[in-house]
Amino acid sequence: MSSSPSDPTLERHFKGHRDNVTSVDFSCNMKQIATGSMDSCVMIWNMKTQMRAYRFEGHKDAVLSVQFSPSGHLVASASRDKTVRLWVPSMKAESTAFRAHTATVRSVNFSGDGQNLVTASDDKTIKVWTVHRQKFLLSLNQHINWVRSAKFSPDDRLIVSCSDDKTIKLWDKNSRECIHSFYEHSGYANYVDFHPSGTCIAAACTDNSVKVWDIRSHKMLQHYQVHNGAVNSLSFHPAGNFLITASSDFTMKILDLLEGKLMYTLHGHQGGVSGVAFSSTGEYFASGGSDEQVMVWRSNLDSAEDSDGVRLQHQTTVGCKAQPSFSSHPRELRSEALCEPSEHFNGRDSHAAAHTRGASRSVSHSTAATPHTHGHLGSSSSSAQRPQSRASTQRPPRVAAQSPASGGGVPPGLASTLEHIVGQLDILTQTVSILEQRLTLTEDKLKECLENQMEIGLHLQRPEEA
């Protein structure tokens with residue numbers, strides 16, 4: 001018996017970083033992959049075989065986030081050295097740097113038109129910049145702890161951010177107002193992003209969960225408790241049907257959002273997985289982790305969705321090395337992995353090649369393990385009736401009838417009290433922000449008065465001298 005042809009497969013893996021890989025991203029044409037690392041370097045990997053990688057050195061501390069511009073002509077990187085750098089992804093390694101924040105910059109994200117950047121920092125602020133002049137545009141200041149991640153919505157009108165203050169905030173970019181705050185009770189979100197439709201957001205949380213909210217009704221749509229460690233990153237498939245998550249439990253999970261089910265568990269990294277990203281078409285996804293490796297996988301999700309017009313219903317575990325599945329009664333199939341030899345930067349760490357060449361793939365089918373969800377982005381009973389068109393995959397998700405509070409474990413009275421306290425803290429933060437603005441205005445007025453007095457004094461001195 002052989003595994004399904006639609007299972008994700010490991011295509012390539014790259015080794016060249018000297019410390020944890022923190023972030024990964026594809027160029028729009030899928031010819032290059034950018035990665036950031038705790039080794040303070042940005043690396044550009046070429047998908048074409050026999051083309052060498054580029055190592056960009058310029059940051060003075062760990063690089064925590066990288067992203068290609070929509071055109072693919074620039075790469076932005078955010079660092080613990082408080083700066084953001086914009087690189088040209090070529091051999092020359094040309095870059096410009098600007099001091100973006102007064103503390104570690106944890107996240108950088110391009111707007112859809114490539115004209116602006118949004119950054120998130122440990123200085124508790126989110127800032128928006130112009131790309132070509134690196135000019136500061138605006139600051140969003142209501143978080144009361146480190147801000148981990150900030151992203152533009154697909155139409156660039158909204159920004160979503162998550163913080164160690166246990167809130168996820170939705171902002172209107174033009175008015176600079178916080179539209180809504182989503183509250184976390186058992187942990188905080190490490191990473192947050194918009195669904196391709198722009199109607200939902202997903203958060204990767206430290207309490208091992210993945211949560212999906214509707215930004216119009218402000219209700220939780222889904223709550224997946226499928227990892228055994230903190231969830232560090234996530235990425236939506238461009239069609240909007242699937243979500244991939246990366247966790248400190250050494251695994252990645254692919255979730256079927258329309259059915260509200262766990263589809264795949266992927267093993268491959270020999271340590272926590274820090275970053276994951278789909279390519280622009282969804283054909284591939286890349287991952288990076290604490291084992292210093294970058295892995296590129298073929299997703300095969302289009303074939304899983306479209307073959308015979310039937311959506312894949314089973315949970316499958318895929319790995320580079322055979323490892324126990326989370327399923328209770330798995331049927332395992334082992335075969336030689338169809339992995340190409342690893343790509344090394346300057347020939348380093350040849351032991352990784354043996355790891356991949358000798359790898360085996362384990363596939364288990366089970367109905368025993370299912371995620372805890374608070375609903376579906378689409379009705380599970382209607383999968384046979386859904387037209388198999390690209391347009392249908394991006395329709396606005398429906399809110400499930402089941403209450404998002406169920407199974408949360410927090411008494412309603414306590415939740416209400418906590419929300420009230422957080423609301424009061426928000427008001428205090430806003431008050432402090434207003435006071436700071438008024439102080440700035442007062443300082444400006446005083447400066448004007450002093451300049452006017454000096455000018456008057458000079459005018460008075462001139463007649464006396466004459």
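Predicted model: local features only at pLDDT ≥ 70, side-chain atom pairs only at ≥ 80, totals over all residues.
Q: Thanks! Back to that pair: what do the side chains of Lys-211 and Glu-184 form?
A: They meet in a salt bridge, with 3.0 Å from N to O. The pair links distant parts of the chain, 27 residues apart: Lys-211 sits in strand β20 (residues 210-214) and Glu-184 in the loop between β17 (178-183) and β18 (189-194). A salt bridge here is a side-chain nitrogen of Lys or Arg within 4 Å of a carboxyl oxygen of Asp or Glu.

Q: How many salt bridges does the whole structure have?
A: The search finds 11.

Q: Which residue does Asp-122 form a salt bridge with?
A: Its partner is Arg-106, and the closest N and O atoms are 2.6 Å apart. Asp-122 lies in the loop between β11 (116-121) and β12 (126-130) and Arg-106 in strand β10 (residues 105-110), so this pair ties together parts that are 16 residues apart in sequence. Both Asp-122 and Arg-106 are buried.

Q: And what about Arg-216, which residue is its partner?
A: Arg-216 forms a salt bridge with Asp-214, where the closest N and O atoms are 2.9 Å apart. Arg-216 is partly exposed at a relative accessible area of 46%, whereas Asp-214 is buried at 2%. There is also a network: salt bridges that share partners join Glu-11, Glu-283 and Arg-298.

Q: Let's zoom out. How many helices and strands does the chain have?
A: The chain has 4 helices and 32 strands. Helices (H or I, at least four residues) and strands (E, at least two) are DSSP runs, numbered from the N terminus.

Q: What share of the residues counts as buried?
A: Of the chain's 466 residues, 55% count as buried. The accessible surface comes to about 20700 Å², and 52% of that belongs to carbon and sulfur atoms. Accessible areas come from the Shrake-Rupley method with a 1.4 Å probe, and for residues only the protein chains shown count as cover.

Q: New topic: how many aromatic pairs turn up?
A: The whole structure has 8 aromatic pairs. Phe-56 and Trp-87 have ring centres 5.1 Å apart and planes at 20°, so they are stacked. Phe-56 belongs to strand β5 (residues 54-57) and Trp-87 to strand β8 (residues 83-87), so to speak two distant parts of the chain, 31 residues apart.

Q: What are the cut-offs for a pair?
A: Rings of Phe, Tyr and Trp (its six-membered ring) pair if their centres lie within 6.5 Å; planes under 30 degrees apart count as stacked, over 60 as edge-to-face and the rest as tilted.

Q: Are Phe-56 and Trp-87 buried or exposed?
A: Phe-56 is buried at a relative accessible area of 1%, and Trp-87 is buried at 1%. Together with Tyr-54, Phe-56 and Trp-87 form one aromatic cluster.

Q: How many disulfides are there?
A: The count is 0, where a disulfide would be a pair of cysteine sulfur atoms within 2.5 Å. The sulfur of Cys-205 has its closest cysteine sulfur in Cys-162, 8.2 Å away, which is too far for a bond. Cys-205 is buried, with 0% relative accessibility.

Q: Last one: which residues make the nonpolar surface patch of about 490 Å²?
A: Ile-144, Leu-414, Leu-418, Ile-421, Leu-425 and Leu-428 make it. Patches are made of residues with over 30% relative accessible area and no salt bridge, with like charges joined within 9 Å and nonpolar side chains (Val, Leu, Ile, Met, Phe, Trp, Tyr) within 5 Å. Leu-428 is in helix α4 (residues 412-465) and is exposed, with a relative accessible area of 53%.

Key
Residues numbered from 1 in each chain as written. Heavy atoms only, no water. Buried < 20%, exposed > 50% of the residue type's maximum accessible area, 1.4 Å probe, protein only.
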